[in-house]
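Open the model in your viewer and keep the selection tool ready. We will go stop by stop.

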Amino acid sequence: MSRSPRAHTPESVAADLRDRIAGGRWLPGRVRTYADIQQLYGASHVTVAAALKRLREAGLVETRRMGSRPKVAGTSWRTASGTSIQDDITSHVREQVAGGFYAAGSRIPCLEALAGEYSVSVATARRALRPLLDEGILVTRRPHGTFVTNEQWSSPGDTD
């Protein structure tokens with residue numbers, strides 16, 4: 001949608017976003033930022049917030065907490081509400097390692113790929129991996145990437 005000289009109202013932004021959702025141009029589970037929506041319509045944060053409120057009330061979008069990134073309803077969040085997306089990413093990567101999706105010694109996707117997968121910034125992806133690095137589950141080998149360590153899942157009582 002190109003910017004027009006007329007001012008957008010919450011109703012016009014909500015109507016267009018509703019059409020985008022219905023038309024499949026904003027897919028279930030897809031996250032957008034307020035800034036992206038503001039730029040798309042040339043609208044203020046207040047206008048976008050009011051439009052998204054209408055869509056939340058209609059059950060078309062959901063947010064974790066007020067002011068968080070809106071996403072189209074239809075695909076549930078990975079963990080219980082009340083946690084941050086950063087915590088969700090940490091938990092999800094931890095589950096993938098524990099479940100063998102990422103085997104010991106294997107490289108996990110780069111920060112840019114993780115950020116894209118979870119629709120977050122690279123900084124958020126980096127912060128999400130920090131606990132796993134601190135716990136010794138992952139190790140970074142510059143410039144090669146981040147890898148699953150070999151020792152992380154053995155406990156003192158385990159035998160080979």
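Select T146. T146 is buried, at 15% relative accessible area; buried means under 20%, exposed over 50%, and partly exposed in between, with a 1.4 Å probe and protein chains only. This is a predicted model: local features need pLDDT of at least 70, side-chain atom pairs count only at pLDDT 80 or more, and totals for chains, interfaces and linings use all residues. Residues are numbered from 1 along each chain as its sequence is written, and side-chain values use heavy atoms, leaving out hydrogens and water.

Now colour strand 4, residues 145–148, where T146 sits. Helices (H or I, at least four residues) and strands (E, at least two) are DSSP runs, numbered from the N terminus.

Next, show what surrounds T146. Not counting residues up to four places away in sequence, T146 touches S106, R107, I108, L133, L138, V139 and T140. Touching, or contact, means heavy atoms within 4.5 Å.

Move on to helix 2 (residues 34–41) and helix 3 (residues 45–57). They pack at an angle of about 110°, with axes 9 Å apart. Helix 2 is therefore roughly perpendicular to helix 3, a label for angles of 65 to 115 degrees. Axes are lines fitted to C-alpha atoms over the stretch in contact, and angles run from 0 to 180 degrees between N-to-C directions.

Select the contact itself. Helix 2 gives Y34, I37 and Q38; helix 3 gives H45, V48, A49, L52 and R56.

Finally, zoom out. The chain has 6 helices and 4 strands. Follow them from the N terminus: α-α-α-β-β-α-α-α-β-β. Of the chain's 160 residues, 34% are buried.

Terms used. Parallel < 35°, antiparallel > 145°, perpendicular 65-115°, else oblique.
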